[in-house]
Amino acid sequence: MLPLKNDLFLRALKCERVERTPVWIMRQAGRYLPEYRETRKKAGDFMSLCRSPEMATEVTLQPLDRFDLDAAILFSDILTIPDAMGLGLYFEEGEGPKFKRPLDNRKKIGELRVPEVHTELGYVFEAVRSIKKALAGRVPLIGFSGSPWTLASYMVEGQSSRDFKRVKGLIYDAPEDAHQLLDVLSETVYLYLKAQVEAGADAVQIFDTWGGQLAYDAYHDFSLKYMEQILKQLASDPVTQNVPTILFTKGGAVWLDSLANSGASALGFDWTVSFDRVLNKIPANMAFQGNLDPAILRCQDHVIQAEADRVLNSVGGRPGHIFNLGHGITPDIRPEAVSVLLARIAETSTNIRSQ
């Protein structure tokens, strides 16, 4: 394996001293980039793009060729797992992901099994190997998965949801069925992330996109419990035990005390918290990621710069910070706004960390 030319991201995950704050952006390869839109057009549809290791490599590297980012993230989708389980993932323009065969009855949940990930999801691991080779040590590569709860939400609802009435009905009316589903998903996520590491991923992130939709106690029972189970398996597996893990629950600050003891290397935060109010609850050896509101990138340059400064100043010189957005970048953002943001992060964080 080639040595990394830029290891700021991995050093920050270890809470080591860095000369400037490293940065990557959730959904950094996406529709806001004209080059991405061209590649997706060639692919024909989103899943064809995901299933092509060559095209997945191309779009993973596009933001790195345009911007000074400190990590690449595998181009894929969190819903590859339920697709591998036979639910029939498809995308309708303007409507988001849908499943042809959602888990809409107890029998389907009972029949669900852990897929053979190397067979059913082999195209993902082939993409990881291809991307890693193309990076040639340029920056680290992040692998990822959706959390069991987030995956279950899509699988039971059959699509994106605003009220999550079906999956919430499941956890309250039939909790044993919900736990059976989450057990299968937890084992699958562990195997999926392990295979990404075997293929070359340098760190992995669990996206708990819909954890914040749960009631306080339900979050512990139906989301955090299963992410902790995955983290424990990764930490005890010789293949993955030294690979950093990032846990991101959107809307998760209310559970910070529990998250700080989850076993993750780092926690991701959305824009609803200020770091200067929460860092005293995070262990000194735990890194943290975030948390600029993506909407700021629609603003004038001086606003972007001021908000970047606000985030960095709220951290001060504490080790372990990785700059990111509080969620994924949206398709309407000007690429030039990202350049403004990255330049400001480099300038301000260098000044702060040199003091």
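1. Phenylalanine 144 stands opposite glutamine 205 in E5. The model is a predicted one, in which local features need pLDDT of at least 70 and side-chain atom pairs count only at pLDDT 80 or more, while totals for chains, interfaces and linings use all residues. Residues are numbered from 1 along each chain as its sequence is written, and side-chain values use heavy atoms, with hydrogens and water left out.

2. Strand E4 (residues 141-146) is largely enclosed by the rest of the structure, because 6 of its 6 residues are buried. Buried denotes under 20% relative accessible area, exposed over 50% and partly exposed in between, with a 1.4 Å probe and protein chains only. In a regular strand, side chains alternate between the two faces of the sheet. Both faces of E4 are covered: Leu141, Gly143 and Ser145 are buried on one side, and Ile142, Phe144 and Gly146 on the other. Strands and helices are DSSP runs numbered from the N terminus (strands, E, at least two residues; helices, H or I, at least four).

3. E4 has parallel neighbours: 2 bridges join strand E1 (residues 72-73) to E4, and 5 bridges join E4 to strand E5 (residues 203-208). Two strands count as paired if DSSP finds at least two bridges between them.

4. The structure holds 12 aromatic pairs. Rings of Phe, Tyr and Trp (its six-membered ring) pair if their centres lie within 6.5 Å; planes under 30 degrees apart count as stacked, over 60 as edge-to-face and the rest as tilted. Phenylalanine 144 and phenylalanine 207 form an edge-to-face pair, 5.6 Å centre to centre with 85 degrees between the planes. This pair links strand E4 to strand E5 across 63 residues of chain, and both phenylalanine 144 and phenylalanine 207 are buried.

5. Phenylalanine 207 also forms an edge-to-face pair with phenylalanine 248, at 6.5 Å centre to centre and 85 degrees between the planes. Here the residues lie 41 apart, phenylalanine 207 in strand E5 and phenylalanine 248 in strand E6. Phenylalanine 207 has a relative accessible area of 11%, and phenylalanine 248 counts as buried at 0%.

6. Elsewhere, ring pairs link Tyr36, Phe46, Phe75 and Phe91 into a cluster.

7. A search of the whole structure finds 1 cavity of 30 Å³ or more. A cavity is a set of points, on a 1 Å grid over the protein atoms alone, where a 1.4 Å probe fits but cannot get out; lining residues have an atom within 4 Å of a point. About 60 Å³ of space lies in the largest cavity, a volume being the space filled by probe spheres set on the points, which are joined across faces, edges and corners. Its lining includes Leu247, Thr249, Leu267 and Asp270. Strand E6 (245-249) and strand E7 (266-268) are the elements that give two or more residues to the lining of the largest cavity.

Definitions and conventions
1 Å grid on protein atoms, 1.4 Å probe; cavity = no way out; pocket = protein on both sides within 12 Å on 5 of 7 lines; lining within 4 Å.
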